[in-house]
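Thanks for making the time today. Please have a look at the chain on the screen before I start talking through it.

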Amino acid sequence: MKVDLENERLELREDGNRSRVIVVDLNGKGDSVTVQGAVDMVPLNNSQRVKIYISPGIYREKVLVPDSKPYISFIGDENRTAETVLTWNNKASDKDKDGCELGTYRSASVTIESDFFCATGITIENSVVAVPGDYGMQAVALRIASEKAMFYRDCVLHSTATRSGAIAAHHRDTQDDDTGFSFVNCTINGTGRVYLGRAWGTYSRAIYSYCDIDNIITPSGWNDWNQPSRQKTAVLGEYQCRGKGADRRNRVAWSKSFSYEEVRPFLDVNFIGGDQWLRL
């Protein structure tokens, strides 16, 4: 995903402008100084892709992309990914204004409820990433949980877990369901110890390919969610990853070490039918 700032700037009053860009800049040189402010500018029920270009900086805010705003992309400078950071620090045990615990879902720093969301060139740090239906796990620094198909390429996932959690939790109950998580050429770093993923559903599916994984992964790598029967049906594993956290010698025996032919369907956006909607 690319942005041409000179030719693609969003004019909200021009309904015919198909290449729409909203610029976020902490120094006031864009259309909004916050990411949430940019999301709020997107028309309800938009049917065309809106690119939100996020200038380098540390954005300390909670961000919600509601289900009424599909086709949104978060785009950072691909050469300054580590300098473009979305961060917040809620925990599940924190209280809201009424004194009630936030819980896992409401503690998210970045919540994506909409369909056809994309992101590239940004770092999500010290956060929980959540989508609806994510209620089962203790909050960790970074978590991605969903029943949908999700494809992550060239992303930085930064975890600061204080107790063992998991980066990914995918829910899939039938073998015919075409959903799953695919992480390709991503960087996974941080502190603490986390699992690469947990089997949230009977046929959970999560694959890491060509990823650079720091020494933050629990050596066993994967967790069956205390449901041993899922060891026979879940598709959780890795392909040609690198880094200290990619050492598979102590992985659980039921995790997958894919061949190229097995992993090939998960290596590009065709896995999520991207050719049909990414360029809208």
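What we have is a predicted model, in which local features need pLDDT of at least 70 and side-chain atom pairs count only at pLDDT 80 or more, while totals for chains, interfaces and linings use all residues. Residues are numbered from 1 along each chain as its sequence is written, and side-chain values use heavy atoms, with hydrogens and water left out.

The chain has 3 helices and 22 strands, taken as DSSP runs numbered from the N terminus, with helices being H or I of at least four residues and strands E of at least two. Of its 280 residues, 54% are buried, where buried means under 20% relative accessible area, exposed over 50%, and partly exposed in between, with a 1.4 Å probe and protein chains only. If we take contacts (heavy atoms within 4.5 Å) between residues at least 6 apart in sequence, 70% of them join residues at least 24 apart.

Let me turn to the cores, a nonpolar core being a set of buried Ala, Val, Leu, Ile, Met, Phe, Trp, Tyr and Cys residues joined through side-chain atoms within 4.5 Å. The largest has 26 residues, and those touching the most other members are Phe183, Ile188, Tyr208, Cys211, Ile213 and Trp222. Several strands each supply at least two residues of this core, including strand 12 (149-153) and strand 18 (205-209), and strand 17 gives the most, with 3 residues. Apart from this core lies another, of 19 residues, with Val50, Phe74, Ile122 and Ile124 among them.

Which strands pair with strand 13? Pairing here requires that DSSP finds at least two bridges between two strands. Strand 13, residues 156-160, pairs in the parallel sense with strand 9 (residues 123-125) over 2 bridges, and also in the parallel sense with strand 16 (residues 187-191) over 5 bridges. Leucine 157 of strand 13 is the bridge partner of isoleucine 124, and leucine 157 also stands opposite isoleucine 188 in strand 16.

Finally, some single residues. Tryptophan 88 sits in the loop between strand 6 (84-87) and helix 2 (103-106), and is partly exposed at 30% relative accessible area. Its C-alpha atom is separated by 6.2 Å from that of lysine 62, 26 residues apart along the chain. As for cysteines, cysteine 186 is buried at 1%, whereas cysteine 100 is partly exposed at 41%.
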